[in-house]
Amino acid sequence: MKILQPPGWLPPRGYSNGVMTQVAAGDRLLFVGGQIGWNGQQQFETDDFAEQVRQTLVNIVAILAEGGAGPEHIVRMTWYVKDKHEYVASYPEIGKHYREVIGRHFPPMTAFQVADLIEDRAKVEIEVTAVVPGG
């Protein structure tokens with residue numbers, strides 16, 4: 001198993017941003033831990049919901065890249081949001097940011113409204129599973 005940590009990012013406390021493991025036929029599984037809308041230095045640049053989603057997606061892509069994967073390899077996404085009304089109201093902006101960062105790849109997704117997230121300023125947290133076929 002390989003830990004996925006983008007260069008220059010502060011190390012997470014008590015968890016990994018992502019891991020990669022090899023499975024049968026040379027396929028690689030990547031598990032990206034819940035990412036939030038802060039930058040690699042663990043600083044929030046905005047409290048805007050859609051902008052936090054954008055940063056969260058950028059973080060996910062950076063971690064995938066560390067494992068030799070891209071957004072096209074995502075096979076599952078789970079979204080945790082603090083406020084479903086803010087999430088729904090932000091659909092147009094979220095869609096724009098999603099297409100800019102992830103593209104037109106739409107894996108199965110699940111979204112939950114949660115009571116809170118660990119980081120007070122976080123409005124969304126997304127975790128991802130990706131599969132890179134052996135070659």
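Buried here means under 20% relative accessible area.

**View 1. Burial and surface of the protein chain.** The model is predicted. Of the 135 residues in the protein chain, 43% are buried. The accessible surface comes to about 7,100 Å². Carbon and sulfur atoms hold 54% of that surface.

**View 2. Fold of the protein chain.** Three helices and six strands make up the secondary structure listed for the protein chain. Along the sequence they follow the pattern β-β-β-α-β-α-α-β-β. The radius of gyration is 14 Å, close to the 14 Å that the globule rule gives for 135 residues, so the protein chain is as compact as a globular protein of that length. The C-alpha trace spans about 45 × 30 × 25 Å along its principal axes. Among contacts with a separation of 6 or more, 72% join residues 24 or more positions apart.

**View 3. Strand 2 against strand 3.** Strand 2 covers residues 18–22, and strand 3 covers residues 28–36. The two run antiparallel. Five bridges join them. Which residue in strand 3 is the bridge partner of Gln22? Arg28 takes that place.

**View 4. Charged side chains.** The protein chain carries 12 positive and 16 negative side chains. The centres of the two sets lie 3 Å apart. Lys and Arg count as positive, Asp and Glu as negative.

Conventions. Residues are numbered from 1 along each chain as its sequence is written. This is a predicted model: local features need pLDDT of at least 70, side-chain atom pairs count only at pLDDT 80 or more; totals for chains, interfaces and linings use all residues. Side-chain values use heavy atoms; hydrogens and water are left out. Helices (H or I, at least four residues) and strands (E, at least two) are DSSP runs, numbered from the N terminus. The radius of gyration is taken over C-alpha atoms; the globule rule is 2.2 Å times the number of residues to the power 0.38. Buried means under 20% relative accessible area, exposed over 50%, partly exposed in between (1.4 Å probe, protein chains only). Contact means heavy atoms within 4.5 Å. Accessible areas come from the Shrake-Rupley method with a 1.4 Å probe; for residues, only the protein chains shown count as cover. The place of a charge is taken as NZ of Lys, CZ of Arg, CG of Asp or CD of Glu. Two strands pair if DSSP finds at least two bridges between them.
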